[in-house]
Each structure stands twice: as C-alpha cells, then as structure tokens.
Amino acid sequence: MAAGVARAYVVTVIRDLFRPWREQATWWALTHLLLDAFVGAFTASVVLTLLITTGALLITFPLALPFAWLLFVLSHLMARIERSRIAALLGERLEDPVPPLQGRNPWQRLVERAKSRPRWKEIGYLLLLLPLGVVTTVLALEVWAISAALLFLPLYVGVLPDNAAKLHLADVSQGLGAFALSGLGLLGVALAAPWLTRALARVDVAAGRWLLAPPRRDELGAQVTRLETSRAAAVDSAEAERRRIERDLHDGAQQRLVALAMGLGNARERLEHDDAEGGRQLVVEAHEEAKAALKDI
C-alpha cells in the first residue's frame, strides 16, 4: 500500500511538472511576452516624444496645451489597449481606474486629466513597458531558442564551422558531448522554458495590476458596492413581485366574492317569490363561486 501511495505521489509530481505543456495559457503567455518589447518600444517612443515636446513648450504655455492634451488622450487609449491585451492573452481582467471627466470645457477637462493620479500611472506603465518588455521578451526568446538549439544539436553538430565547441559525438573529453547537451536542451524545452514563461507572464500581470488597475482596497470597495446594489435590486424586484401577486390574489378573490354576494341575493329573491327551483340553482352557482374564491385565496 505504501508503495502504491508513493507511486501515485511521484506520478502526481511529474504531471504537475509538465502541466504548463498541457495548458493553453502557457502559449498565450509566450505570445504576450514576445510582443512586449515591440509594444513597449512603440508606447515609450510616443509617450516620451509627447512628454519632451510638452516640457520644451511650457515656456510658451499655449503651444504646450495641444501636446499635453494629446499626451493624456493617447496614453489613456494605449493603456486601454494594454488592459485588453493582458485580458486576452494572460486572462487577467484589469478594471479601468480613470474616473469619467466632469469638466464643462476643454480647459477644465485638461486640468482634470493633469490632476488625475491614475492617468500618470498609465503614463508610467507605458514608459516602464519598454525596459520591462525588453527583459521579458529577451529572456523568453533566449530560453526557448537555446533549449531548442541544444535539443537538436546532434543533428547539426557535424556541420558547425571548425567543429565549434569541439562537440563531436565521440569527443566527450572536450565537453559534455552533443547527446548530453541534447538531454540538457530537452530539460530546458520540457521544464525550464514553460515555467519561466509562466513566471514572466506573472511579472507582466503584476506590473499591470500595479499601474493600470485601481488599488486593491478600491477594487474590493467597488465589488462590495456592486454586490450591495445587486442585492438591493433583487430585494426590490422580489418585493414588487410579492405586491403584484398579492394584488392579483386580492382583485381576483374580491371579484368572486362580489359575484357570490350578488348570486346569493338573487337566490334570496327567487326563494321569496316562491321560485324554489330557480333559487336552488342560484345557490348551487353561489356555492361553486365560493369554492373558486377559496381556491384563489
């Protein structure tokens, strides 16, 4: 029994080690990482250009205003695209912390943008994305490329110029040998590269959550507010439905009781005028009406 438990534990550990290969999230994360450097180069160049231009034109203040406006508008647009990219490729949905503008004219809205801390955090993220993207893209690309190159080394080692690194299959004394390095490459492809890809993706998510999402306490407060709103709406809906049911029951039973009273009145008149058969028929109908009213109630 102990041997079976140990074997099951080993199988579980091995399955967990190779789990990234079985999950689509690994390959979406790799796609995200390979795009990081290029996206970061674009966003940083746009933001830096507008920042430098705006700062240089501050001495002639009116000329700086269009570039400042363009800086905030484009940075917010690119930040929204980044949130969408993170959600689509990394599966992490980041709420937009930037509040809607309240200003009545372009100047008030520009001042409002300049005073908004979330907008400056978006600008900071777009600048950070370049160095961060270079690191994540290069690391991801290198670990996959080097692991793949080592894995297939025995297939092309013989055609390397001047027997580079002296990795002849039989020349083990000069190094680990092509097959040994191929085994190392297999470990890299099977374990190191996928796990490093997932780790780098978590770094990207952490950076996005830090600069593109509202603070954690604000996010929890917003969730509580949404839950309270949905609960109040559900209570109001249930109360309205209860009142509707009560009204329907009251109106239906009331109509039947009125009909019952009228029927009994007609039966009484028939009986007083010696129309026993007609009175009896009306009493029967009134009895049926009374049962229907009780059934509704």
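A salt bridge here is a side-chain nitrogen of Lys or Arg within 4 Å of a carboxyl oxygen of Asp or Glu. With that in hand, look at Asp36, Glu82 and Arg85, which salt bridges link into a network. This is a predicted model, where local features need pLDDT of at least 70, side-chain atom pairs count only at pLDDT 80 or more, and totals for chains, interfaces and linings use all residues. Residues are numbered from 1 along each chain as its sequence is written, and side-chain values use heavy atoms, leaving out hydrogens and water.

Zooming out, the protein chain has 10 helices and 0 strands, counted as DSSP runs (helices H or I, at least four residues; strands E, at least two) numbered from the N terminus.

Asp36 and Arg85 meet with N to O at 2.9 Å, and the pair ties helix 3 to helix 4 (residues 61–90) across 49 residues. Asp36 is buried at 0% relative accessible area, and Arg85 is buried too, at 10%. Buried means under 20%, exposed over 50%, and partly exposed in between (1.4 Å probe, protein chains only).

Glu122 sits in helix 6, 39 residues from Arg83. Glu122 counts as buried at 0%, as does Arg83 at 6%.

Now try Glu92 and Arg209, whose closest N and O atoms are 2.8 Å apart. Glu92 lies in the loop between helix 4 and helix 5, Arg209 in helix 8 (residues 178–211), 117 residues apart. Here Glu92 is partly exposed at 24%, and Arg209 is partly exposed at 36%.
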